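Please consult the sequence and the model shown below while reading.

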Amino acid sequence: MNRRRTDIPRSHFTTYLSVIAGAVVAAFGGVTHAYYMNRQVEARREVHRIEVETKEHELEILTTQMRVGELLNRYTVREELAHQHSSLKPIGRGVVEDVRPAQPRAVVSAVP
């Protein structure tokens, strides 16, 4: 009975090799997982930044359209002309006539 206690079971070289290989694979997997997670976070930040810029540009476009609409308003134009003492006068509806374009006499061809 004492003889069995003194015998230390020896592990094979392949056992150590497989433990080392498993540790290397686990470490590589952990590093790879961390790398891809960081890339995903960076991509989300970039997408968020682009969405914010897009919303800012849409707001600028709407603001510009509103300002153009205000500037082209006929009553605003009349007030501005009156304020600048312009010599332009309003034209009555009876004076305006529709002019149709004349038919072209010849058609230009692209073929020589």
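The chain exposes about 12000 Å², and carbon and sulfur atoms supply 60% of that area; accessible areas come from the Shrake-Rupley method with a 1.4 Å probe, and for residues only the protein chains shown count as cover. Buried residues (under 20% relative accessible area) make up 0% of the 112 residues. This is a predicted model, in which local features need pLDDT of at least 70 and side-chain atom pairs count only at pLDDT 80 or more, while totals for chains, interfaces and linings use all residues. Residues are numbered from 1 along each chain as its sequence is written, and side-chain values use heavy atoms, with hydrogens and water left out.

**Secondary structure**
- The chain has three helices and zero strands, where helices (H or I, at least four residues) and strands (E, at least two) are DSSP runs numbered from the N terminus.
- The order of elements from the N terminus is α-α-α.

**Salt bridges**
- The structure holds three salt bridges, each defined as a side-chain nitrogen of Lys or Arg within 4 Å of a carboxyl oxygen of Asp or Glu.
- Arg 39 and Glu 42 form one of them, at 3.3 Å from N to O; both residues lie in helix H2 (residues 13-71), three residues apart.
- Glu 46, Arg 49 and Glu 53 are linked in a network of salt bridges.

- Arg 49 is partly exposed at 40%, and Glu 53 is partly exposed at 33%.

Key. Buried < 20%, exposed > 50% of the residue type's maximum accessible area, 1.4 Å probe, protein only.
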